[in-house]
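User: I would like to learn how to read domains and interfaces in a model. Can you take me through one?

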Amino acid sequence: MSETRAIVTAVTGRRGRRARSRTAGGRLTWRRALARDWRLYTFLILPVLFLLVFRYVPMIGNVIAFRRFRPGGSILGDEWVGFTYFQMFITNAQFWTVFWNTVLLGGLTLIICFPLPIVLALMLNELRSSRFKRIVQTISYLPHFMSIVIVAGLVLQLTSLTGTINQIVEAFGGAAVPFMQRPEWFRTVYVSSEVWQTVGWGTILYLAALTTIDDQLYEAARIDGANRWQQTWHITLPGIRPTMMVLLILNIGSFMAVGFEKVLLLQNPLIYSTADVISTYLYRVGIQSAQFSYATAIGLFEAVIGLVLVLGANSISRRLVGTSLW
Amino acid sequence: MVTEALPARPDIARVRSENGVIRESAGYRVFRVANAIVLLLVCIVTLYPFLNLVAKAFSSEGYIAAGKVNLIPMGFNVDTFAVVLGDGMFWRNYGNTLLFTVVGTFISMALTTTYAYALSRPHLKGKGFFVGIAVFTMFFGGGLIPNYILVASFLGWRNSIWAVVVPGALSVFNLLVMKSFFENFPAELEEAAAIDGLSTYGIFFRIVLPLSKAVLATMTLFYAVAQWNSWFSAFLYLDNKSLFPVTVYLRNLIAAATGTQDAGAAADAVQISANIQSVTMLLTVLPIICLYPFIQRYFVSGVMLGSVKG
């Protein structure tokens with residue numbers, strides 16, 4: 001997730017350089033551009049072909065949400081059926097269960113996992129000893145490098161009946177809880193593991209933004225009698241606001257997609273009532289039950305919501321605080 | 001300094017006392033101690049699952065099942081390592097992971113460097129379009145099923161290494177990081193090379209790439225770790241056990257042990273002990289943990305590289 005986050009700044013960075021190539025007489029024509037730079041264009045052949053086949057063809061493949069698809073038939077489906085498959089899931093109670101599970105799980109993850117890296121970065125920033133700071137950073141980045149399979153394995157071990165968490169529960173006189181068989185515990189377990197995995201790595205961009213704040217601002221604030229909290233509130237936070245906004249917009253855009261792979265690894269039929277989300281539901285009906293068109297319709301619905309959310313958040317942010325992805 | 005000329009204020013965090021030693025207000029000192037303690041707790045909580053894993057890997061099953069193993073191995077036992085390491089399939093799948101990582105990283109780097117270099121040339125006509133088609137894929141995609149139909153039915157890559165290494169080969173984030181690196185590449189060097197008669201190919205392979213080793217190393221690590229850790233495309237497209245990467249081997253082991261799996265596959269599941277799981281997990285993360293102290297720096301610099309211009 002943090003990888004997509006970091007992008008932001010990379011995308012916005014593009015703005016500065018706008019050297020547009022013009023010939024003396026006006027705009028360069030394609031014919032002349034190709035004659036001059038044909039070697040450069042050969043560099044584009046494979047990557048663009050890759051994007052077309054593996055990104056844009058599947059995008060076009062979404063039409064099977066509106067067409068009847070038969071395995072072995074055309075990959076774009078056989079006949080138009082309109083919104084039949086959309087009506088199928090909209091009238092399906094199970095779909096709405098997984099829809100609200102997705103919204104709740106994604107919302108909780110956003111509310112909890114978004115602010116914590118900011119807090120951690122501010123705390124690291126207060127450390128005087130750079131050695132201790134480096135140690136904390138090195139340790140807290142570690143989970144980011146683990147495969148999701150390992151993370152899920154660790155979660156299942158820690159929450160098992162004989163795992164550490166139940167040992168603590170029992171030490172305080174409680175009875176062991178089979179966490180991964182109780183629907184009411186899934187969201188807590190999932191969000192905690194998400195915090196464990198992402199909070200450290202999430203600080204990197206904030207720590208980078210913190211170093212760009214001018215020391216003279218703090219100096220001036222101290223002279224004016226601002227205490228540490230006031231300095232944080234009036235100088236530090238506004239200083240990292242552009243970074244915060246960009247990451248918030250990206251997180252909002254991806255919140256319908258909630259860690260599909262992790263949920264898939266952690267869930268089991270006993271806890272579907274809270275642990276089943278849109279992406280895992282469509283995996284089951286699509287891949288395991290081979291209802292391709294129905295699952296594609298659900299996937300398209302989710303992707304469109306994601307796109308609308310990111311565009312909406314971006315335009316609100318541009319109007320309110322002047323920060324935007326592009 | 002200006003502050004020295006001013007009268008001390010009680011609410012200033014760092015107050016200069018009469019003898020010139022910097023002192024901190026009591027409140028701030030309490031905060032600093034509390035801050036250090038909380039950060040120490042963060043470290044402990046982050047490390048605990050790994051330490052617990054190591055302890056369980058070296059314990060005997062009886063103690064684990066009794067819920068007695070925390071940080072220290074109980075009933076010290078290394079026989080399980082021999083059992084896991086003696087499983088031919090484990091080695092075979094480990095070899096597959098290595099193969100996928102090498103091939104996948106090579107494909108990714110070939111696509112990313114050439115694309116990024118072309119996009120970084122300010123005089124490239126159609127640059128906005130070629131950047132745009134890449135960036136758009138970050139916000140909208142084909143979804144699971146159309147991708148599955150493309151790879152499994154249309155391309156017929158079921159049980160093929162290409163299904164694992166090709167569809168995710170290009171990361172747009174890495175592309176943008178490299179593009180911004182190449183944009184900052186000193187133009188004089190390339191101009192000098194062009195005057196000396198090097199073509200675009202010559203400039204790219206003989207001047208630009210050799211002088212970009214640091215960023216190439218960072219990107220290679222990004223791709224290699226992602227491929228090493230990936231499991232889902234292998235899980236989706238491969239049916240043959242001898243083709244699995246080690247992550248899928250581990251996933252199936254855990255699923256069989258905990259019954260998180262779908263009913264069908266759980267039927268042939270033998271009860272797999274927490275001890276065997278721990279040993280397998282430990283052996284899977286070991287290469288990453290050993291390399292981690294050396295590669296962490298490159299990762300951080302890679303993320304920073306993408307953000308410096310923002």
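Analyst: Start with the domains. This is a predicted model.

User: How many residues of domain 1 of chain B are in contact with domain 2 of chain B?

Analyst: Count both sides. Seven residues of domain 1 of chain B meet seven residues of domain 2 of chain B. Next, ask where they sit. On the domain 1 side, helix H2 (26–57) and helix H3 (61–65) of chain B each supply at least two residues. H2(B) gives the most, with four residues.

User: Now the chains. How is the size of an interface often given?

Analyst: It is often given as the accessible area lost when the parts come together. Here we count residues in contact instead. Chain B brings 91 residues and chain A brings 83 residues.

User: Which helix of chain B gives the most to the side that touches chain A?

Analyst: Helix H16 (residues 274–307) of chain B, with 13 residues. The side of chain B that touches chain A comprises 55 nonpolar, 28 polar and eight charged residues.

User: And what helices and strands are there in chain A?

Analyst: Chain A has 16 helices and four strands. Its C-alpha atoms fill a box of roughly 80 × 75 × 35 Å along the principal axes. Chain A has 326 residues, and 40% of them count as buried. Of the contacts in chain A between residues at least 6 apart in sequence, 68% join residues at least 24 apart.

Definitions and conventions. Residues numbered from 1 in each chain as written. Chains lettered and ligands numbered in written order. Predicted model: local features only at pLDDT ≥ 70, side-chain atom pairs only at ≥ 80, totals over all residues. Contact = placed C-beta atoms within 7 Å. Nonpolar A, V, L, I, M, F, W, Y, C, P; charged D, E, K, R; others polar. Buried ≥ 20, exposed ≤ 12 C-beta atoms within 10 Å, placed from the backbone.
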